[in-house]
Amino acid sequence: MNYATIKWYDVSNGPGVRVSLYVSGCRNHCKNCFNPETWDFGYGQPFTAEVEDSILDAMAPEYIKGFTLLGGDPFEPENAEVLAPFMRKMRKRYPEKSLWCFTGYDYERDLLTGRQGDHDTVLKILRCLDVLVDGRFVEELKDLNLRFRGSSNQRIILVKESLKRDKLIFWDGDKEQ
């Protein structure tokens with residue numbers, strides 16, 4: 001897997017100061033995507049063990065509130081295969097920090113059903129997440145007033161609660177996740 005960039009002090013992709021990993025590779029190709037260079041799976045640099053360790057170490061300071069995965073798309077099968085064990089390491093090492101992920105895929109239709117990639121791998125990632133922002137960016141539904149989303153069709157899902165209750169639970173923005 002390749003990654004496009006790492007933002008070591010990101011305040012745009014989840015609450016608080018976060019470390020964010022932008023993976024390479026996306027088949028959604030949303031019209032007017034803010035990151036079209038990340039559609040290419042070969043874009044950027046290899047995601048090596050050294051890069052993993054750098055990210056894990058960067059998460060240590062107390063002022064870092066969480067980690068965010070985006071891209072590209074973390075749930076492309078090529079990416080998910082690499083990210084599942086990494087996210088398990090992240091969750092184990094930092095159980096108190098919030099883990100967010102952005103995907104163009106739909107939580108119920110694509111991720112929970114196994115339509116997108118290996119179902120077990122997808123579930124391994126989902127079980128590590130606190131929050132998932134799902135859905136393709138839709139230019140016609142673009143709204144600059146939305147928090148942590150580009151278009152109004154995208155949803156902010158509390159993953160652990162949704163999996164536990166077997167129904168969608170949405171983030172209300174009042175509690176930091």
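In which handedness of crossing does α2 pass α4? Helix α2 passes helix α4 in a left-handed crossing; a crossing is left-handed if the near helix is turned anticlockwise from the far one by less than a right angle, and right-handed if clockwise. The model is predicted, and local features need pLDDT of at least 70, side-chain atom pairs count only at pLDDT 80 or more, and totals for chains, interfaces and linings use all residues. Residues are numbered from 1 along each chain as its sequence is written, and side-chain values use heavy atoms, with hydrogens and water left out.

**Helix packing**

- Two packed helices are described by the angle between their axes and the distance between the axes.
- Helix α2 (residues 77-93) packs with helix α4 (residues 119-128) at an angle of about 30 degrees, and their axes are 9 Å apart. Axes are lines fitted to C-alpha atoms, for helices over the stretch in contact, and angles run from 0 to 180 degrees between N-to-C directions.
- That angle makes α2 roughly parallel to α4 (under 35 degrees counts as roughly parallel, over 145 as roughly antiparallel, 65 to 115 as roughly perpendicular and the rest as oblique).
- On the α2 side, the contact (heavy atoms within 4.5 Å) is made by A80, E81, L83, A84, M87, R88 and R91, and on the α4 side by T121, K124, I125 and C128.
- These contact residues divide into 6 nonpolar, 1 polar and 4 charged.

- Helices (H or I, at least four residues) and strands (E, at least two) are DSSP runs, numbered from the N terminus.
- In strand β2 (residues 17-23), 6 of the 7 residues are buried (buried means under 20% relative accessible area, exposed over 50%, partly exposed in between, with a 1.4 Å probe and protein chains only).
- Strand β1 (residues 2-10) runs antiparallel to β2 and is joined to β2 by 5 bridges; two strands pair if DSSP finds at least two bridges between them.
- T5 stands opposite Y22 in β2.
- The hairpin of β1 and β2 has 6 residues between the strands, and G14 in this hairpin takes a positive phi near 135 degrees.
- Strand β4 (residues 64-71) pairs with β2 in the parallel sense over 7 bridges, and I64 in β4 is the bridge partner of V17.

- Most residues other than glycine have a negative phi.
- F148 is not a glycine, yet has a positive phi of about 60 degrees. F148 lies in the loop between β6 (131-134) and β7 (155-158), and counts as buried at 13% relative accessibility.
- D166, also a residue other than glycine, has a positive phi near 55 degrees. D166 lies in the segment after α5 (159-165), and counts as exposed at 70% relative accessibility.

How values were computed
Ala, Val, Leu, Ile, Met, Phe, Trp, Tyr, Cys and Pro count as nonpolar, Asp, Glu, Lys and Arg as charged, and the others, Gly among them, as polar.
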